[in-house]
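Come along while I look things up one at a time.

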Amino acid sequence: MLIRWIFPAVLTLLASASAALAQESAGPADPIVATNILAPMAKSCSDEIMKRAHGLVGTTVLGPYQVTEMDVTRWGGLFPGAYATGTIRTLPMVTASALDRGTAGAAWKACLDSKVQAWRAAQ
């Protein structure tokens, strides 16, 4: 008698947990970070800033810029919990003191912002 009640209750809990898991993890990632669209844009901006800074007074440094993409999956039921998975992408970034006007990487970030806005507008 007790088995007839516990078994359907466990199935109901498992079904609700799997539905909650599917609902939480179904959120779309930002397509520009999730794909390799951002890396060529960053390289293009780095090349452009290096060319523009060539011959100007000041320092020009090529360095890394890290973008982190995180997904958090949550589930409920008898044992609720969550875990996070992530990816760190390293992009080429240029700081040029002659073009940045006091904020390191400002010219590179402005270039990348304009390329990302143009890409989003085309979508």
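Before I list any neighbours, I note that a contact here means heavy atoms within 4.5 Å. I also remind myself that this is a predicted model.

**Entry: S46**

I looked up S46 and found it in helix 3, which covers residues 38–53. Is S46 buried or exposed? S46 is buried, because its relative accessible area is 3%, and the cut-off for buried is under 20%. Leaving out residues up to four places away in sequence, I see S46 touching L62, P92, M93, V94 and W108.

**Entry: the core**

Next I turned to the largest nonpolar core, which has 18 residues. Which of them touch the most other members? I wrote down L38, I49, L99, W108 and L112. At least two residues of this core come from each of helix 3, strand 2 (81–96) and helix 5 (106–122). I keep a general remark beside this: in soluble globular proteins, nonpolar side chains tend to be buried together.

I then followed L112 and found that L112 touches L38, M41, A42 and C45, again without counting residues up to four places away in sequence.

**Entry: the whole chain**

Stepping back, I count five helices and two strands in the chain. Along the sequence, I read their order as α-α-α-β-β-α-α. The chain has 123 residues, and 21% of them are buried. For contacts between residues at least 6 apart in sequence, I note that 66% join residues at least 24 apart.

Methods:
Residues are numbered from 1 along each chain as its sequence is written. This is a predicted model: local features need pLDDT of at least 70, side-chain atom pairs count only at pLDDT 80 or more; totals for chains, interfaces and linings use all residues. Side-chain values use heavy atoms; hydrogens and water are left out. Helices (H or I, at least four residues) and strands (E, at least two) are DSSP runs, numbered from the N terminus. Buried means under 20% relative accessible area, exposed over 50%, partly exposed in between (1.4 Å probe, protein chains only). A nonpolar core is a set of buried Ala, Val, Leu, Ile, Met, Phe, Trp, Tyr and Cys residues joined through side-chain atoms within 4.5 Å.
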